[in-house]
Every structure is written in C-alpha cells, then in structure tokens.
Amino acid sequence: ADAGTIDASGLAAVDGARLHIAATAVVVAALVVCAQVPAHRWLPATLAAPTPASALLHAGLVNAGGVILVRTAPLVGRSSVAVVVGLVAATASMVVAVGIMRLRSEVKSSLVWSTVAQMGFMLTQALVGLGAAAAAHLIAHGAYKSHLFLASGSTIEHHRVPQRATGTLDRWLALVAGVGVVAVATLSSGYDVTAHDGAAVLIPVFAAATVVSVLVGPRGLTVRDGARSALTVVGLGVLSFVYLGALWRFEKWLRLPDVTPSGALASVLVVAGIVLAAAVSYGRIAGAGRSLIGVQTPRGAYEV
C-alpha cells in the first residue's frame, strides 16, 4: 500500500516501522517454509510419506525459503530486526538439528534433520547478503538430498568403514592442513572474503570445517601413511579451489543486488563460532543423549 504496487520489488520503497514489520514477516515466512526452529515440527511429521514424495519435498519445497530471501534481499537487508531474528532461528536450528540427527537410527529421519540443518546454513548465507552462495547451495542441496532419499532403501546394504582412533597429533595435523588448504584455495581462486562487508568469510570457514572433518574421517590423516595423506590433502585442495572459484564466478554471473546488512561480519563470526563449536562437540552430545534415553545406534550398519 505504501509503494502503490503489488509487486514484490515495491517493498524496497518501504521505510520506518513498516520496514521492520514487512521484513520480519518475510523472514518468518522463509523460516516456516524451511522448517526452522520453532516452526520445524511439520517436516519430521512427513516421514510417513512415500520416499519419492519425500525426495520431491526436500529437493523442492523446503528450498523455497531461500528463494524468498534472495528475491526480497533489498528489503530484508535493510532491517536489522529481521536479520537478527533470522540468524538466531537459523543458528538454533543448525545446532538442534545436528544433535538430533546424530541420535536417529532411521535413515529417513536422519535425512530429515539433515535438511533442517542445511536449510539453516543456506538461510544464514542469504541473511548476511550472500545471495549467490545461498542460490548455489539450494540447487546443490536439492539434487543431492533427492538422490539420498531415492537411494535410502538400499543404504542398509552399504557397510561403513570402521572408525579408527585418531591421535592428538593427527588431529592437529588435520586442522593445520585443512585450514591451510582452504586458505591457499581461497587466495588462488579469486574468491573475495572482504566482499559484502566481510560476510563472505563464512564460506571459507565452513569449507575448512568440511575439509577437516574429511581428514579425520574413518581412515584419518596420519603421519605414518604419508603418501595417502598427501594425496588426500592435494585432492581436497583442488576441490576447494574449484568450489570457491565456481562460486565466485556464479555470483558474478547471477548479478543479484548487492545487499550488505549492517554488522554482517560480526553476525557471521558469531554464527560460525556457535555452529563450529557444536560440530566439534556433537560426538559428546550424541553420546550423552544415547546414554540418557537408552538409544543404541547400530554401528557399521549403514552410512548416510
């Protein structure tokens, strides 16, 4: 009514208290569609649906929240209230979903909570002004998660490699190698971490966390097996370089409006710190939860 149009682009002309009301309403709509806390119960309730329907739901409908925020970025980015509400809900969703996912022995249930966590990360990217990264994430997540759901019936046949105990030296070596690989890949790929008021630092931080988690996986990064460890680090470095370079070029090609919420860098660092701390401690949280509620998850039965 203020802008004199029913087109969503007219929301950019709204100002004052109406700006915060409209932007917060848009963010809440995105949070509900993406099944974020506290509006998350509807997605786990769909577990009884046939697997192809679940694949379509997780590959399509839940991604609509990211589309909403990317399309309305000129409005949401101007409202600090809406950005804070969205970041708090997305962060809480990531922490809660990762903890519950680790306690679930059912394949589809674990995938559902994985979607909640992934949507929280995708919404975080959109809220801090990384619209192109959010768009790339929802496309990749849709393709990958639909594949996981459609293949969930045969997942029980895939035996997991037994987890090898990782020593303290190996863990520190993996941490240094992972952060170093992503740092080199970031600098050489042209990805600008200073863009969007520094919000782009979120992507390399999570890339580094992913690389480290791979390096301390079932076989781990060990000093004893130097050749295999070196090849693993080099391979992950190449993948990081391709990913960050492709993301940077995708952002240039998409030509989305440049929206940088105030205080984005501080918000990103807080969100990244909380989520990374949860990721590091998820094993202890999951173990405590299993002993508390008496859940015994089969080890080596399947891999999600």
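1. A residue counts as buried when its relative accessible area is under 20%. With that in hand, here is a friendly tour of this model, which is a predicted one. Of the 304 residues in the protein chain, 43% count as buried.

2. Let us begin with the overall plan. The protein chain has eleven helices and zero strands. Read from the N terminus on, its elements therefore run α-α-α-α-α-α-α-α-α-α-α. Now look at the contacts in the protein chain with a separation of 6 or more: 81% of them come from residues 24 or more positions apart.

3. Next, the aromatic rings. A pair of aromatic rings is described by the distance of the centres and the angle of the planes. How many aromatic pairs does the structure hold? There are two. In one of them, the ring centres of Phe121 and Phe206 are 4.4 Å apart and the planes stand at 35°, so this pair is tilted. The reasoning is simple: planes under 30 degrees apart would count as stacked and planes over 60 as edge-to-face, so an angle of 35° falls into the remaining class, tilted.

4. Are the two residues buried or exposed? Phe121 is buried, with a relative accessible area of 14%, and Phe206 also counts as buried, at 14% relative accessibility.

5. The other pair is formed by Phe250 and Trp253, with ring centres 6.0 Å apart and planes at 35°, so this pair is tilted too. Both residues lie in helix H10, residues 226–254, and because they are three residues apart there, about one helical turn separates them. Trp253 counts as exposed, since its relative accessibility is 64% and the cut-off for exposed is over 50%.

6. Two packed helices are described by the angle between their axes and the distance between the axes. H6 and H9 pack at an angle of about 155°, and their axes are 11 Å apart. This makes H6 roughly antiparallel to H9, because angles over 145 degrees fall in that class.

7. Which residues make the contact between H6 and H9? From H6 come Phe121, Thr124 and Gln125, and from H9 come Leu202, Ile203 and Phe206. Sorted by class, this contact has four nonpolar residues, two polar ones and no charged ones. You can find Phe121 and Phe206, the tilted pair from above, in this list.

8. Thr124 deserves a look of its own. This residue of helix H6 counts as buried, at 1% relative accessibility. The side chain of Thr124 reaches the backbone oxygen of Gly120 at 2.8 Å.

9. Finally, visit the loop between helix H1 (17–33) and helix H2 (51–59), which is the place of Pro38. The peptide bond from Val37 to Pro38 is cis, with omega near 5°. Ala35 lies in the loop between H1 and H2 as well. What is the phi of Ala35? Its value is near 60°, which is positive in a residue other than glycine. Ala35 counts as buried, with a relative accessibility of 0%.

Note on methods: Residues numbered from 1 in each chain as written. Predicted model: local features only at pLDDT ≥ 70, side-chain atom pairs only at ≥ 80, totals over all residues. Heavy atoms only, no water. Phe/Tyr/Trp six-rings, centres within 6.5 Å; stacked < 30°, edge-to-face > 60°. Buried < 20%, exposed > 50% of the residue type's maximum accessible area, 1.4 Å probe, protein only. Helix = DSSP H or I, 4+ residues; strand = E, 2+ residues; numbered from the N terminus. Axes fitted to C-alpha atoms, helices over the stretch in contact; angles between N-to-C directions. Parallel < 35°, antiparallel > 145°, perpendicular 65-115°, else oblique. Contact = heavy atoms within 4.5 Å. Nonpolar A, V, L, I, M, F, W, Y, C, P; charged D, E, K, R; others polar. Polar contact = N/O pair within 3.5 Å; in protein donor to acceptor, adjacent residues only side chain to side chain.
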